[in-house]
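Let's take a walk through this structure together, with the sequence and the coordinates side by side.

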Amino acid sequence: MITIISGTTRKGSYTEKIALEYQFLLKERGIEAKIFSLAGVNLLERDAAFEKIEKEVLIPTTTFIIISPEYNGSFPGALKLLMDTSKVHFCWWHKKALLTGVATGRAGNLRGMEHLTGVLNHMKIMVHFNKLPISVVDKLLNEDGKLIDELTIKAINHQLNEFFDVDKK
């Protein structure tokens, strides 16, 4: 199972819009992927609702695509809480991840993706080498929230092609 994590608790975020674009581009390839948004999820305790997320989303996922916004030069604490609250060895160990950073600034969350890579590697996750920073994301979407920048779409397609071709070899 492939899961795209929208790594923020903010509803209607740029992160969520980019996650939807990834899902669309994968569907064009005949690859089904579910989106898991952190919006509205209680990440502070392991209650029944959280255990359901583990059972239905995290444990069955073999491949994660994590779309992470830049929060103060890193990735959101909510995304870290998802990992910290979960049973790491069941939910994360020996899986694969593709990372994309989004920011309204110039760096596209490069630093945050490096921080996230370190955390994921510690959790025994193989992170794909091509981590895509999407800068000035607010300028790349139309009024409906659809990605309209052809170079960014091309970069995402290249990243996805690399990632899924690696799986085929």
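Leaving aside its neighbours within four places in sequence, which residues is Trp92 in contact with? Counting heavy atoms within 4.5 Å as contact, Trp92 meets Ile5, Leu58, Phe64, Leu82, Met83, Ser86, Met123, Lys124 and Ile125. Before going further, please keep in mind that this is a predicted model, where local features need pLDDT of at least 70, side-chain atom pairs count only at pLDDT 80 or more, and totals for chains, interfaces and linings use all residues. Residues are numbered from 1 along each chain as its sequence is written, and side-chain values use heavy atoms, with hydrogens and water left out.

Now look at helix 3 (residues 77-85), whose buried residues are Ala78, Leu79, Leu82, Met83 and Thr85. Here, buried means under 20% relative accessible area, exposed over 50%, and partly exposed in between (1.4 Å probe, protein chains only). Helices (H or I, at least four residues) and strands (E, at least two) are DSSP runs, numbered from the N terminus. The cover over these buried residues includes strand 1 (2-6), strand 2 (34-37) and helix 4 (88-91).

Leu81 is found in helix 3 too, but is partly exposed because its relative accessible area is 30%. Beyond its neighbours within four places in sequence, Leu81 is in contact with Leu43 and Leu44.
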